[in-house]
Amino acid sequence: PQFRQPIFSAIPKVADIALINSPMLTGTTMVDALAPIGRGQNMLVIGSHLDQMRDLACNFVAGQVGKKSSKCVYATTKDRNQVLSKLNQLGIQDDILIVAAREPTLDSPVDDVSLAAESIVCAATACSIGEAFAKQGMDALVIIDTLDEHKTLWDATTRVLVDVYGADAVVAADRDGGASSEMRAFYSSLIQRAAQYNKKNGGGSLTLTMLTTIPSTGTSDEDETIFSEEDFEQTGDRIKARIKILTEKKIPLSESNLRKLEIPIPTATEGKRRLALQHIDDLISMSDGQIWLDNDLAAAGQSPPLDPKRSITRVGIGADTQSRADAPALRRVVEGLRLDLAQAVSMDGAEETAASLKQTRRKDAWLLAMHQEVCERGRTLSESCVTLLAACSGSLDGTIDEGGTAGSEKGSQVISELLEHMWSRCPSVMEEIDRSLDITEEKRTELEESIKAFFMEKA
């Protein structure tokens with residue numbers, strides 16, 4: 001049936017929506033466990049490399065294709081051919097709706113501001129299509145690739161207003177370190193279109209995933225620059241005191257060390273990066289959560305390179321809320337996961353002790369359980385539960401000790417064989433978890449026994 005929906009429609013009213021209480025399982029175990037996305041939620045994906053973010057977004061789409069009453073819309077605001085190529089590699093290009101902005105060519109060049117304006121229309125159109133599906137009772141996933149063009153248009157229009165009215169009248173709030181109410185309204189008109197509609201309005205959902213980039217830290221070259229105390233003369237007394245302590249302890253004032261300690265780096269490039277991070281902070285404050293992809297983790301072989309310290313969902317936080325973004329089964333399995341990862345990171349560089357080695361092994365087991373290569377088939381909920389149970393029960397410790405860490409051929413083979421074993425030994429339990437999204441103590445015990453049996457057979 002024909003359905004008309006305005007491109008720039010108003011964000012849903014409170015009376016039009018219901019609580020977010022159903023997970024949109026992505027099939028990416030690390031995301032579903034550490035930064036789950038609920039149906040009707042908005043989520044930022046932040047990183048320095050657009051390729052990494054696109055791979056993750058395409059995997060999200062692949063995880064929804066084929067599900068009953070699910071529709072996917074991908075808005076590409078630049079690099080259209082690259083995005084189409086990735087979707088085609090996954091074999092899902094014909095199963096989703098693609099809204100694309102124009103690609104400038106030598107024969108038909110387009111200025112940056114015009115492209116940015118068209119990109120905003122592109123993103124809004126994708127949301128309108130998603131809203132139309134949602135109001136007909138379907139669950140729509142909309143990918144915005146990327147939000148960067150929104151910033152381009154905002155900056156361009158701001159410069160025009162500054163020329164007319166002056167900086168004090170236009171960007172006073174921005175200079176004071178925060179986003180102006182006008183900027184928040186500009187972005188919120190898109191971000192807040194995500195919603196779980198109530199039955200009166202169709203009962204469907206629009207889940208919004210938005211990609212946005214930040215400048216790279218340039219970790220490969222940063223240790224070549226060593227600063228001195230004189231470079232920090234223009235900073236505050238507190239920063240100077242910290243720099244003096246580092247100098248007395250003969251700790252190099254390198255960019256990597258300064259970043260770890262969250263001390264501002266005295267370079268023009270870093271100043272631009274800090275402004276970009278301030279903009280990201282503003283976006284984060286308007287969103288329901290963020291997935292942060294880290295270059296160092298990617299270089300270390302973690303896939304996806306999700307930073308557990310900076311990635312989180314804010315849906316369901318607080319004891320007095322009934323909203324949840326995660327699946328109950330995963331909630332019961334991953335207790336202690338984030339703490340284990342944080343404790344292991346805090347031990348980096350520390351003296352090797354039995355306790356530190358145990359904590360590192362536990363972290364490596366979790367990472368092996370969550371490791372998935374780019375464009376790898378997404379996992380079912382039950383499969384994610386199995387790999388995570390194998391990690392938290394200590395069943396993967398032997399594999400780690402034998403060199404089967406995340407990303408290794410041995411580690412990947414063990415996980416693959418484990419999942420095959422579980423589907424052959426207890427298919428009814430796996431299917432029940434996928435159907436109910438929950439796991440009982442009885443079912444958990446059955447899975448754990450089957451996991452132990454698998455590793456005993458391999459021993």
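In which sense do β2 and strand β4 pair, and over how many bridges? I find the parallel sense, over seven bridges, with β2 covering residues 70-76 and β4 covering residues 139-145. For my own record, two strands pair if DSSP finds at least two bridges between them. Helices (H or I, at least four residues) and strands (E, at least two) are DSSP runs, numbered from the N terminus.

Before going on, I note that this is a predicted model, where local features need pLDDT of at least 70 and side-chain atom pairs count only at pLDDT 80 or more, while totals for chains, interfaces and linings use all residues. Residues are numbered from 1 along each chain as its sequence is written, and side-chain values use heavy atoms, with hydrogens and water left out.

**Entry: around β2**

I stayed with β2 for a while.

I then followed the chain through helix α3 (residues 80-89): β2, α3 and β3 make a right-handed β-α-β unit. Right-handed here means that, with the strands pointing away from the viewer, the path from the first strand over the helix to the second runs clockwise.

How many of the seven residues of β2 are buried? I get six, which leaves the strand mostly covered. My cut-offs are under 20% relative accessible area for buried, over 50% for exposed, and partly exposed in between (1.4 Å probe, protein chains only).

Ser 69 has a positive phi of about 65 degrees although it is not a glycine. I have Ser 69 down as partly exposed, at 36% relative accessible area.

Next I checked where β4 ends. The peptide bond from Asp 145 to Thr 146 is cis, with omega near 15 degrees. Thr 146 sits in the loop between β4 and α5.

On helix α5 (residues 148-165) I looked up Leu 161. Leu 161 is partly exposed, with 41% relative accessible area. Together with Val 160, Val 164 and Tyr 165, Leu 161 makes a nonpolar surface patch of about 420 Å². The areas come from the Shrake-Rupley method with a 1.4 Å probe, and for residues only the protein chains shown count as cover. Like charges are joined within 9 Å, and nonpolar side chains (Val, Leu, Ile, Met, Phe, Trp, Tyr) within 5 Å.

Which residues of strand β7 (residues 289-292) point which way? I see Gly 289 and Ile 291 on one side, Gln 290 and Trp 292 on the other, and all are buried.

Strand β1 (residues 42-47) runs parallel to β7, and three bridges join them. Leu 44 has Gln 290 as its bridge partner. With strand β8 (residues 312-313), β7 pairs in the antiparallel sense over two bridges. Gly 289 stands opposite Thr 313 there.

In the loop between α13 (295-299) and β8 I found Pro 304. The peptide bond from Ser 303 to Pro 304 is cis, with omega near -5 degrees.

**Entry: a contact across the sequence**

I picked Tyr 187 in helix α8 (residues 181-191). Tyr 187 is buried, at 2% relative accessible area. Tyr 187 and Leu 283 are 96 residues apart in sequence, yet 7.8 Å apart in space, C-alpha to C-alpha.

**Entry: cysteines**

How many disulfides does the structure hold? I count zero, taking a disulfide as a pair of cysteine sulfur atoms within 2.5 Å. For Cys 122, the nearest cysteine sulfur is that of Cys 127, 9.9 Å away. Cys 122 counts as buried, at 4% relative accessibility.

Terms used:
Patch = residues over 30% accessible without salt bridge, like charges linked within 9 Å, V, L, I, M, F, W, Y side chains within 5 Å. Salt bridge = Lys/Arg side-chain N within 4 Å of Asp/Glu carboxyl O.
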